[in-house]
Amino acid sequence: MQPRNMSMSGVVDLAAVKAAQEAKAKAEQTRAEAARQGGAGAVSPADLVIDVDEAGFERDVLQRSAEVPVVIDFWAEWCQPCKQLSPVLERLAVEYDGRIVLAKIDVDANQMLMQQFGVQGIPAVFAVVAGQALPLFQGAAGEQQIRETLDQLVQVAEQRFGLTGLAVDPDAEPGAAAPQEMPAGPYDALLEAAVRALDAGDLGGAVQAYKNVLSDDPGNMEAKLGLAQAELLQRVQDMDPQRVREEAAGKPGDADAQIAAADLDLVGGHVDDAFGRLIDTVRRTAGDDRDAVRRRLLELFEVVGPEDPRVVGARRALARALF
């Protein structure tokens, strides 16, 4: 029942790097098992908007998120902004035609879930993708903003976790599901091997597995993300954090010292610090040193994900620093 892997999208630490890979593998296993049992298939539009309580959270949100992104609307009867936002979310859930499911949680009846998600006020909207929860927005929002947020969510779910949503049949009875074939992708075995290598602490094996995918499919987004994460972990595994930070503090213009410290920043979840450190170093350096810092910053963008707003802002800052 408890939400798991509660972290903002793009925050990177040693556990979260593996969590994204493990979540995708678990999602694929869940979908495959559902297909074997004949449980994955077309649903009714009525199944796209559901009421969820604490007892059903595991089944209706966490397990369902292995098939489709689940958007959570925390609301209450007395909340006037909720009465404006909720109908928009419900309409969009149906309009997105199976690419998302909307789970409505009454905070008055489900205080534990409200606390577990850290909800400070309502309306509050979260999403759960492949078992990982992330906040979307709080308070009233315009429909255009909501659409942009949902579009981004759907894109991340498909690119990072292979979630393409549910098939919707307007004539299906609510709760009904027809068997659906879930074919494996051409690189699933190699990607699963990379996840197993990460689990075993074999970072070199994970790096090689991702490179094997990219040698045949250079545009594979999952392999790009996985490779960037595995290489980051490989770089920091033998570092002495205290020595690295002391050297960076004493040598603000040293490209190598700042690059090493930025790697540690990112692994520790200090994304803005890592980006800011390298952008400042770009301003202080020139020639090969400057280019090395720029390349490392682009690699860290891949780790966090190009859709993350912190990456978007840092790209603009980098452009200003360079030009």
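The structure is a predicted model. Strand β4 spans residues 124-129 and is largely enclosed by the rest of the structure, because six of its six residues are buried. The disulfide joins Cys-79 to Cys-82.

**Burial of β4**
- Ala-124, Phe-126 and Val-128 lie on one side of β4, and these residues are buried.

**Pairing with β2**
- Strand β2, residues 70-75, runs antiparallel to β4, and the two pair over five bridges.
- Ala-124 of β4 has Phe-74 standing opposite.

**Pairing with β5**
- Strand β5, residues 132-138, is also an antiparallel partner of β4, with six bridges between the two strands.
- β4 and β5 form a hairpin with two residues between the strands.
- In this hairpin, Ala-130 takes a positive phi near 50°.

**Disulfide**
- The count of disulfides comes to one.
- The sulfur atoms of Cys-79 and Cys-82 are 2.4 Å apart, and a pair of cysteine sulfur atoms within 2.5 Å is taken as a disulfide.
- The torsion about the S-S bond of Cys-79 and Cys-82 is about 80°, so the disulfide is right-handed.
- Both Cys-79 and Cys-82 are buried.

Methods
Residues are numbered from 1 along each chain as its sequence is written. This is a predicted model: local features need pLDDT of at least 70, side-chain atom pairs count only at pLDDT 80 or more; totals for chains, interfaces and linings use all residues. Side-chain values use heavy atoms; hydrogens and water are left out. Buried means under 20% relative accessible area, exposed over 50%, partly exposed in between (1.4 Å probe, protein chains only). Helices (H or I, at least four residues) and strands (E, at least two) are DSSP runs, numbered from the N terminus. Two strands pair if DSSP finds at least two bridges between them.
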